[in-house]
Amino acid sequence: MWSVSTGQIITVSKGNPGKEMDEEAVKNAWYLGQRGEHECWLTRTEDGPKSFVRRDDWQVVEVDRNLVVRSRLELPMSRLCEVVVARKIDDRADVILVDSSDSRGLTLMGVQVDLDSMRLRNHKIDTLAHYDIDPKDRSYVWGASSSSSDYMGVLVVLQKTKAQQYAAEAVVYDSEMEEFWRREYAVGSTSSMGVSDAGEMVTLGYDGEDDGVRFTINVLGRKSSDSYGMTMECDRIRYMQIVDIRNRKVQCAGLFSPLTSDPKEKMIGGTVSMMFDMDSTTVTRFLVRPFQNEDVNILVNKKTKKVQHDQEAPMVTPLAFARMPYGIVMAVGHRHVLRYKNANGTRESSYYAQGIHLEAFDETGNIMWSRNIRRNDMQKDSDEKLYIALFSSGDDVCLVKSENRKYPSGYDIAKEAKEFELGDKCNLVMYKVSVDGEVSKTILEQRTKHSLVSAAKRGEGNVVMLTLDGAKSRMVDMKIEQ
């Protein structure tokens with residue numbers, strides 16, 4: 001299918017729908033990269049195709065455009081593990097897993113898969129580290145890779161209940177999966193971590209204090225590690241995280257909750273961004289932007305002309321981030337769940353997602369533009385399909401989502417959006433926002449029962465997406481020509 005929009009040619013290629021990858025496998029899919037005409041994924045499923053022997057183990061698979069498995073390697077004894085971080089370098093896939101199923105210990109495991117032969121390098125899964133813990137202790141694991149994929153980092157924090165202390169260990173691996181450096185370091189409260197293209201690990205933490213919010217940034221490296229603290233007079237910070245580390249500048253974004261609001265109501269008053277310079281070790285930008293009247297109307301799905309007395313919206317969370325040539329873009333939205341009991345005593349849940357608010361920040365942390373997109377989606381029993389894809393295409397940011405086919409064909413946000421239940425016939429659409437904030441809309445597919453579930457950007461700029469229609473899955477390939 002071909003679509004022409006604002007001077008661009010968009011090519012959408014759809015694979016045949018089938019049951020080769022079941023719903024669970026699609027939802028668990030981590031995209032590793034492209035190899036020739038095939039796509040490489042890391043996934044797992046308990047009730048998948050018969051070609052999977054140990055169906056509950058993680059598996060590296062290569063599939064064709066119809067999601068038919070062309071080669072596969074099961075990662076033995078990984079059924080109780082969670083993926084910490086994964087990458088593809090040339091013809092090799094690297095995966096770091098964590099097994100926390102034993103209340104007395106935490107184990108990190110490393111996997112290297114030769115994609116040519118689909119065999120484990122060194123013929124085994126390596127134990128990278130093991131940490132003894134008490135059943136009452138708490139453990140936290142973060143993982144990230146650098147934007148170049150040359151480095152992968154893992155941070156493990158153990159909170160020991162009896163001793164009333166904690167221990168933290170950071171390790172970074174190079175492009176050959178060799179240990180680049182390892183260090184024990186008291187990182188303090190942590191909400192997010194990232195890895196730079198130089199192999200440094202950066203962590204971000206924040207705590208509320210009487211005079212504001214105390215931010216802690218740790219910069220851990222091969223030769224030295226330092227901690228920097230600063231207090232900002234601001235409202236309560238929510239969901240703040242590291243989005244990008246570029247040119248030794250750490251760009252963070254999140255939300256804030258007004259001090260005047262009741263914390264139990266989970267009210268969000270707007271966005272917040274912060275830029276930290278690793279060379280000068282100072283915060284060069286801290287910017288708070290309250291929601292405007294239009295923003296709140298979109299997030300609670302009211303007409304844009306309605307005047308809101310309180311410029312706040314409940315239960316707003318980040319949905320996605322995109323690294324851009326000029327900085328970053330953040331997408332946030334309102335989400336909630338309704339739980340109810342039927343007359344026969346059974347309990348059900350309905351999950352809702354309303355409104356999308358987009359903000360772009362340049363490389364200095366300043367806001368370039370903010371835009372809103374209508375949404376009023378619902379799914380029963382889970383929220384896994386309430387998914388949007390956000391990615392860059394040159395200087396443009398693109399947002400792809402499934403939406404009610406009765407929505408306007410162009411970008412129009414004046415009226416309230418009708419409720420759309422995932423699984424009904426819908427349109428697969430893309431909203432594109434240019435560097436100066438101009439918005440356009442393209443319908444990629446009309447009247448489909450396939451819902452967008454996962455998406456990833458390939459190295460050359462194309463986008464690969466996975467969709468579901470009941471038990472049938474499908475791969476969609478999209479290319480945008482400037």
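Me: A polar contact here is a pair of N or O atoms within 3.5 Å; in this predicted model, how far does the backbone nitrogen of Ser-78 lie from a polar atom of the side chain of Asp-57?

Reply: Asp-57 sits in the loop that runs between strand 4 (38–43) and strand 5 (59–63), and its contacts beyond four places in sequence include Ser-78 and Arg-79. A polar atom of the Asp-57 side chain lies 3.0 Å from the backbone nitrogen of Arg-79. For the backbone nitrogen of Ser-78, the distance to a polar atom of that side chain is 3.2 Å.

Me: Is Asp-57 buried or exposed?

Reply: Buried residues are those under 20% relative accessible area. Because the relative accessibility of Asp-57 is 3%, the residue counts as buried.

Me: How many residues of the lining of the second largest pocket are charged?

Reply: The second largest pocket holds about 260 Å³ of space, and its lining is made up of 16 residues, with Tyr-407, Pro-408, Lys-415, Glu-416 and Ala-417 lying nearest its centre. In that lining, eight residues are nonpolar and one is polar, while the number of charged residues is seven.

Conventions: Residues are numbered from 1 along each chain as its sequence is written. This is a predicted model: local features need pLDDT of at least 70, side-chain atom pairs count only at pLDDT 80 or more; totals for chains, interfaces and linings use all residues. Side-chain values use heavy atoms; hydrogens and water are left out. Helices (H or I, at least four residues) and strands (E, at least two) are DSSP runs, numbered from the N terminus. Buried means under 20% relative accessible area, exposed over 50%, partly exposed in between (1.4 Å probe, protein chains only). A polar contact is a pair of N or O atoms within 3.5 Å; within protein, one must be able to donate a hydrogen and the other to accept it, and residues adjacent in sequence count only if both atoms are side-chain atoms. Contact means heavy atoms within 4.5 Å. On a 1 Å grid over the protein atoms alone, a cavity is a set of points where a 1.4 Å probe fits but cannot get out, and a pocket is an open set with protein on both sides within 12 Å along at least five of seven lines; lining residues have an atom within 4 Å of a point. Grid points are joined across faces, edges and corners, and a volume is the space filled by probe spheres set on the points. Ala, Val, Leu, Ile, Met, Phe, Trp, Tyr, Cys and Pro count as nonpolar, Asp, Glu, Lys and Arg as charged, and the others, Gly among them, as polar.
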